[in-house]
Number of protein chains: 2
Amino acid sequence: MAVDLLGGDDAPAVVVDGALRAVRTDPDLHLLLVGPTEVADGLIGALDPEQRTRVTVRPVRTAVGMADHPTAARGESTVRAAVHAVRDGIADALVSAGSTGATVTAAALGLGRWTGVRRPALVATLPAVEGPVVLLDVGGTFEPGPATLARHAVLGAAYAAVAHAVAAPRVGLLSVGVEAGKGDRLRRAADPALAAVPLPCGARYIGLVEGYEVCLGARADVVVTDGFTGNVLLKAIEGAYAMAGGPPTSGGAPRAAALLGVAGTVVVCHGAARPDDVASGIALAAHLWRRGATDTVSTLLEDVPHDSAPDRNDTEVAP
Amino acid sequence: MAVDLLGGDDAPAVVVDGALRAVRTDPDLHLLLVGPTEVADGLIGALDPEQRTRVTVRPVRTAVGMADHPTAARGESTVRAAVHAVRDGIADALVSAGSTGATVTAAALGLGRWTGVRRPALVATLPAVEGPVVLLDVGGTFEPGPATLARHAVLGAAYAAVAHAVAAPRVGLLSVGVEAGKGDRLRRAADPALAAVPLPCGARYIGLVEGYEVCLGARADVVVTDGFTGNVLLKAIEGAYAMAGGPPTSGGAPRAAALLGVAGTVVVCHGAARPDDVASGIALAAHLWRRGATDTVSTLLEDVPHDSAPDRNDTEVAP
């Protein structure tokens, strides 16, 4: 697992702490630390001799700041070096708590996109009452069109089945009411598009769902929305759990999300990640890689017909 | 207070229960029940003789269904009759748990809009750590442009000061990060628009805020967003509190919201309202009317210069 030592608001300290926890918890885990040598050396110095053999270093001194434009990731940076390590087969996956936009851009450019996925999606999994709820997109693509939302429905269904073993996932489109026709123009256009698209893994589209569904999961296992709405929603849920005195015992809002649609296993942690969040991001990347989730989901998508020339009203911008 | 007996998923039973609670709790409250005579008679029969003198009836048999198009409110219906009662001075305010779109449409057509407010906003107040957080829009206008969001910032600041006595409200624009430039095209265009608009009541614009802010209120007292995002966010917070075993002691997600931008006091309750929610909606309407909130906010807005010809990129649709 390639770990971006300089990604995140409180990097490198928080990333170092998180990486230490991950190495100590998972005896099969090998890390490639991407960042300044002295930071990596500090981390390695804190490990037992056996654990040290599972850590290597790729020295890089420059990071993409949270306020930088995502295209800053085109220059030499920790996140770009981590992407290259995955591309070159030196690492199996990468984890960064840096700027989401920069990670998405670096991964899309460096690893390439899947056939038939024009826009990558960040996928978060919430522990709901009846099992996991897969929420996408939470920040990969801010302005999808209906065709992209339909493609993300396919992607989310495959991910729920492959990564979380959800049988015959129920897929819903997030809107302001459950009755057909509720919502803004994007939702009104996307509802029939999602209803028409064949879904893999026995999944079925159940129509519009409301905001409760993301936490409760009573009606849907996969909730599809645009990356702007998904991102603010996830953080609002996190705020609500903080206000309520802590998350439910089943777990709170995830602070690590998988990037789907690029040819490699990529996990993005919350910019305000704590060491536990970084460790759980590394664990998620290892889980996905061991399940072969990225390859399996990608293969499932190839079997689903898609419109190679999406509608003209698609208002997406480059990630 | 005119009460729409037929509005809501579980109307009239839930509305009757809620209205009973409101009449019993507030000895100064007078209700105008708008709906079928037999429903109103059932409610009145449950009251003490003194309380009965505070209730009158306007018989109407037709409601706008939750699945109906909002323009169905143009026909004869309970919500339209309630709006006319306010317009004609027979009622001071109206409360409905029916279709939000239908209520917004009926109110905008029947009462007229404020000068300089092209799009009404539904305003919800959440009890955060440091005091109330005013969230708008939660479902009045799904596709605002930057000019409308700037106008809603003015509106939210005035409402926070007038309805909740917040001194010098801090106003934030909901986005996916706090750094300037974060967000989709609407947020990138709205950020400078909000920074440029003069705010009333000593309010100041503090820039972009994230989803946590809506529950925690650490940085902002007023959070501005589009009606689609605000609506799904509010319901997600409600779901999170349900998952966490109940709302915090300071209170949960509100299930009644004030409609601002129309010439009258209008409160919209959640379609899935319970009797308590209807009672709190009636109490909110009474609170706003007693404070003269609608008139005061409207007057404050007239003093703030606005662009009478909003930008061409404004993508709003009629409510």
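**Helix α9, chain B**

I started with the cover on α9(B): 16 of its 17 residues are buried. The model is predicted, and I read every entry here with that in mind.

I then checked the length of α9(B), which runs over residues 227-243. Its first and last C-alpha atoms are 24 Å apart, close to the 24 Å expected at 1.5 Å a residue.

Next I looked at what lies at the ends of this helix. At the N-terminal end I found D226(B) as the cap, with a side-chain oxygen 3.2 Å from the backbone nitrogen of F228(B). After the helix comes G245(B), and I noted its phi as positive, near 90 degrees.

**Helix α1, chain B**

I repeated the length check on α1(B), residues 13-25.

Which residues of α1(B) are buried? I listed V14(B), V15(B), V16(B), G18(B), A19(B), L20(B), A22(B) and V23(B). For reading such a list I keep the helix rule at hand: an α-helix has 3.6 residues a turn, so residues three or four places apart point the same way.

I then asked what the buried residues of α1(B) pack against. The partners in chain B include three strands by name, β1 (2-4), β2 (31-35) and β3 (55-59). The helices I noted are α2 (37-45), α3 (49-52) and α10 (275-291).

**Chain A as a whole**

I counted eleven helices and eleven strands in chain A. For overall shape I compared the radius of gyration with the globule rule: 319 residues would give a value near 20 Å if compact, and chain A has 19 Å, which agrees. The C-alpha atoms fill a box of roughly 60 × 45 × 35 Å along the principal axes.

Buried residues account for 61% of the 319 in chain A. I also looked at contacts between residues at least 6 apart in sequence, and 73% of these join residues at least 24 apart. The accessible surface of chain A is about 11,200 Å², with 52% of that on carbon and sulfur atoms.

**Chain A against chain B**

Last, I looked at the interface. Each side is listed with 44 residues, from chain A and from chain B. The two chains bury about 3,600 Å² between them, and carbon and sulfur atoms carry 69% of it. Which three residues supply more of the area that chain A buries than any other three? I found Y212(A), F228(A) and M243(A), with 20% of that area.

Methods:
Residues numbered from 1 in each chain as written. Chains lettered and ligands numbered in written order. Predicted model: local features only at pLDDT ≥ 70, side-chain atom pairs only at ≥ 80, totals over all residues. Heavy atoms only, no water. Helix = DSSP H or I, 4+ residues; strand = E, 2+ residues; numbered from the N terminus. Expected span 1.5 Å × (residues − 1). Buried < 20%, exposed > 50% of the residue type's maximum accessible area, 1.4 Å probe, protein only. Polar contact = N/O pair within 3.5 Å; in protein donor to acceptor, adjacent residues only side chain to side chain. Rg over C-alpha atoms; globule rule 2.2 N^0.38 Å. Contact = heavy atoms within 4.5 Å. Areas by Shrake-Rupley, 256 points an atom, 1.4 Å probe, with all protein chains shown as cover. Buried area = accessible area lost by both parts, 1.4 Å probe.
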